[in-house]
Amino acid sequence: MNRARLGSFLFFGAVVFFLAAPRENEALAGPASSPGDVVAAVPGAAGGPLSIVANAGLKTAAAPDLGTAGSCPDGMLEVEGDWCPEVEQKCNRYIDPEGVFPRRCAEFAPTSKCNGKTTKKHFCIDRYEWPNKVGENPVVMKTWYDAKDACAGAGKRLCGDSEWTVACEGNDRLPYPYGYDRNAEACNIDKPHPDVNEKALGDANPKVRDAEAKRLWQGEPSGTRSSCVSPYGVFDMTGNVDEWVVNESGQPYKSGLKGGYWGPVRDRCRPETTVHAEGFSFYQIGWRCCADVPNGPSLKAAPAGGGAGPMAPIGAPGGHSLPSTNPAPSAVVGS
């Protein structure tokens with residue numbers, strides 16, 4: 001083989017090797033030095049692999065903690081992690097000016113220091129928002145009591161706010177489930193807030209209530225956005241719909257809301273909205289369920305609340321529903 005032909009052969013081999021080799025910013029071992037997508041294989045709804053983009057083209061986060069079905073019931077993921085009561089998260093750049101609430105952060109510093117004593121959490125959580133079925137719209141216009149009873153009817157319970165947070169932010173305590181930079185393409189967030197007809201939402205006629213809730217709806221079927229997934233593989237934890245949880249402080253109510261919804265609110269893992277009583281319902285509020293890990297250490301049960309009986313059609317009041325206390329749109333506090 002002459003020198004020219006040998007040189008061509010070596011050049012061609014080098015090109016093939018370069019194209020086939022994994023790139024540094026595609027590795028899952030830790031943060032990349034430049035923006036890029038982190039792609040990981042997560043079990044799909046039927047157990048098959050589902051390709052996800054863990055950071056949707058923004059600053060890459062650390063390796064996903066990817067939960068597994070383990071010994072959890074079908075449709076649930078096993079989560080094990082450390083809950084930190086106070087996390088230091090610095091916002092480098094805000095979307096909204098100072099004085100606006102809820103104020104949205106466009107970019108967090110890539111550090112999440114824990115300033116408190118951690119508590120071990122080990123539990124099962126629904127992969128999707130109730131009814132926990134990929135491709136179906138989350139159920140809304142239900143009270144905290146309704147959500148609690150729905151979970152109990154499925155042999156589950158409402159998530160504690162600390163459990164929900166661990167499942168959303170992962171071991172790196174990310175501000176957003178997909179990383180440090182806010183991204184309206186990753187999750188269903190930042191859509192314009194509509195004008196709400198409070199009278200229609202509180203009407204005694206369920207058809208009137210349902211019609212108004214349908215008019216206001218800007219949510220998406222569960223699992224629509226493959227990039228809106230937490231480090232444990234849980235979908236739609238921020239945006240789409242607010243989610244009822246057990247407010248473990250018990251103050252001022254046993255009810256809390258996590259994750260935010262499709263509107264221009266905080267839509268982060270850590271904040272919790274605690275101003276709505278257990279009998280409150282609204283057009284953008286849904287939930288998901290948690291459960292103890294079978295044969296695992298028993299977690300503290302959710303505080304007891306009343307039972308509303310079987311789930312009624314959307315908009316129909318349950319036995320514990322209270323008179324509508326829905327605030328005017330300007331007073332709605334989002335997660």
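Buried means under 20% relative accessible area, exposed means over 50%, and partly exposed lies in between, with a 1.4 Å probe and protein chains only. The model shown is predicted: local features need pLDDT of at least 70, side-chain atom pairs count only at pLDDT 80 or more, and totals for chains, interfaces and linings use all residues. Residues are numbered from 1 along each chain as its sequence is written, and side-chain values use heavy atoms, without hydrogens and water. Helices (H or I, at least four residues) and strands (E, at least two) are DSSP runs numbered from the N terminus.

**View 1**
Strand E8 covers residues 119-126. Of its 8 residues, 6 are buried, so E8 is largely enclosed by the rest of the structure. Two strands count as paired if DSSP finds at least two bridges between them. Strand E3 (residues 76-83) runs antiparallel to E8 and is joined to it by 8 bridges; Gly 81 has Lys 121 of E8 as its bridge partner. Strand E14 (residues 289-291) also pairs with E8 in the antiparallel sense, over 2 bridges. Here Ile 125 stands opposite Cys 290 of E14.

**View 2**
Strand E10 (residues 242-246) pairs with E13 in the parallel sense over 3 bridges, and Glu 243 has Gly 286 of E13 as its bridge partner. Touching is counted as contact, with heavy atoms within 4.5 Å.

**View 1. Asp 267 and its surroundings.**
Asp 267 lies in the loop between strand E11 (255-258) and strand E12 (272-273). Its relative accessibility is 1%, so Asp 267 counts as buried. A polar atom of its side chain lies 3.1 Å from the backbone nitrogen of Tyr 261. Leaving aside neighbours within four places in sequence, the residues in contact with Asp 267 include Tyr 176, Arg 182, Thr 238, Gly 260, Tyr 261 and Ser 335.

Rings of Phe, Tyr and Trp (its six-membered ring) pair if their centres lie within 6.5 Å; planes under 30 degrees apart count as stacked, over 60 as edge-to-face, and the rest as tilted. The structure holds 9 aromatic pairs. In one of them, the rings of Trp 262 and Tyr 283 have centres 5.9 Å apart and planes at 45°, so the pair is tilted. Trp 262 is in the loop between E11 and E12 and Tyr 283 in the loop between E12 and E13, so the pair ties together parts 21 residues apart in sequence. Trp 262 counts as buried at 0% relative accessibility, and Tyr 283 is buried with a relative accessible area of 1%. Ring pairs link Tyr 261, Trp 262, Phe 280, Phe 282 and Tyr 283 into a cluster.

**View 2. Arg 103 over the ring of Tyr 94.**
Arg 103 lies over the face of Tyr 94, 3.7 Å from the ring centre. A charge sits over a ring if NZ of Lys or CZ of Arg is within 6 Å of the ring centre and within 35 degrees of the ring normal.

Most residues other than glycine have a negative phi, and most peptide bonds are trans. A cis peptide bond joins Trp 130 and Pro 131, with omega about 20°; Pro 131 lies in the loop between E8 and H2. Another cis peptide bond joins Gln 251 and Pro 252, with omega about -5°, and Pro 252 lies in the loop between E10 and E11. Met 141, which is not a glycine, has a positive phi of about 65°. Met 141 lies in the loop between E8 and H2 and counts as buried at 5% relative accessibility. Asp 236 has a positive phi near 60°. Asp 236 lies in the loop between helix H5 (206-216) and E10 and is buried, with a relative accessible area of 5%.

Definitions and conventions:
A polar contact is a pair of N or O atoms within 3.5 Å; within protein, one must be able to donate a hydrogen and the other to accept it, and residues adjacent in sequence count only if both atoms are side-chain atoms.
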